[in-house]
Structures are given as C-alpha cells and as structure tokens.
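Hi,

Here's the structure I promised to pass on.

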Amino acid sequence: MFVEHLPDDRGQAHTLEAFTAALLLVTGLIFATQATAVTPLSASTSNQHVENQAEIAAGDLLATTEASGNLSAALLHYDNGSFVGATDAGGYAGVPPASHPLHEPLTEAFGDRQIAFDIDVYYPDNSSDGTGDVAMVDMGSPSDNAATASTRVTLYGDDRFGADDQHVLAEDGPGRGYFADPVDGDGEVLYTVVEVRITAWQM
C-alpha cells in the first residue's frame, strides 16, 4: 500500500509562534523594569542613604549647637509651662519661630530637605521609671526608617531662662513651671542633666 506524504508547514508555524511569544515576554519584562518608580521611600539602598543622611544631619546639628551654646539657650527658652512661642505644652509644630535659638540651625539642616523631625527632652524626675520628658518640637509620628541622634546637656543653678532670660533656674525654676526640677537639693550649682533627642525622617 502506498502512503502519500503531503507537504506540512505546521512546524514553521509553531516555530514562528514560539519566537513571537518569547519576544512578547522579553518586551514585557523590559517595560515593567523601566516603568517601576524609584522614590526615596522605595525599599532600596537609596532609602538607607536617606536614613544615614538624616542621622548625620541630626548628630551634626546637636554637636554644633551644643558647642555654640544655642542648644542650652533653646532648653532655657521656656517659661510658665511651655517653650516660648509654642502653641501649647506640646512644643512647636515645626521649625520654631525666628527668635528661637535653634531656628536657623534647624532650617539649614532640615527645612529645605523635606525631612520631618521631633525633638524630645528627657530629664530625671520622681516618676516610676525615674525619667520625665517634654516635647520641644512635635511634627508627628516618625516613619519606620526614622533616624535618631542624642546628646546630654548640663544645666546649672545660675542659668537664666524665660523669654528675656528674666528668671534664674535655682531660684525660679519650679515656681515658674520649668519642665525639670533640681536633680538634688536646691540646685544652686548643678541644676540637672537632660538628654536632647532628635528623631528625623523623610516626609
């Protein structure tokens, strides 16, 4: 019996179909890679870079303002239960007003870089854990990638506080509602030691 073999072009069609599918797959992958937006908040090394930059900026700000005396002046810019010029006892909602000792340093460090920050002050007190705290700046809740830096500042009994430095810590501190009491006795020499902590994060 004779079997006739007719020409069959299905093999060529399958090859062309497979090549087209592969080309579409590669094109889709290239498009997806190019279309992915990379922002400062994307999970990548750039996110770590932003965190490192914020930590360095906060640490530098604390070091320079402590050396210049502006950090102590900021802690003493307090009168009758709140920081001078703050809307309430919760501190400033952003960069403090121009009269504040940290206005220019904070503006230079964070103001133009879309970085939010909190500044909290911790001090010894008679609470159960022995530590009280007050907010100097409260810009909200930090993100998971926030960076922190802190330093300790010594306040002395003859340091003056208030809007016009009109009060003396050892004499007027508790009576004028200063946030920290003397750490020991009347605080005439050493009044207290506080920790200033900056928490900064990308907005």
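Below is what turned up, from the whole chain down to a couple of residues.

First, the ground rules. This is a predicted model, where local features need pLDDT of at least 70, side-chain atom pairs count only at pLDDT 80 or more, and totals for chains, interfaces and linings use all residues. Residues are numbered from 1 along each chain as its sequence is written, and side-chain values use heavy atoms, with hydrogens and water left out.

The protein chain has five helices and eight strands (DSSP runs: H or I of at least four residues, E of at least two, numbered from the N terminus). From the N terminus, the order is α-α-α-β-β-α-β-β-β-β-β-α-β. Of the 203 residues, 34% are buried (under 20% relative accessible area, with exposed meaning over 50% and partly exposed in between; 1.4 Å probe, protein chains only). Among contacts (heavy atoms within 4.5 Å) with a separation of 6 or more, 65% link residues 24 or more positions apart.

Now H77, which sits in the loop between α3 (70-76) and β1 (78-79). H77 counts as buried because its relative accessibility is 10%. Setting aside neighbours within four places in sequence, H77 contacts F83, V84, Y92, S99, H100, P101, G162 and A163.

By contrast, E171 in helix α5 (residues 169-172) counts as exposed, because its relative accessibility is 64%.

Cheers
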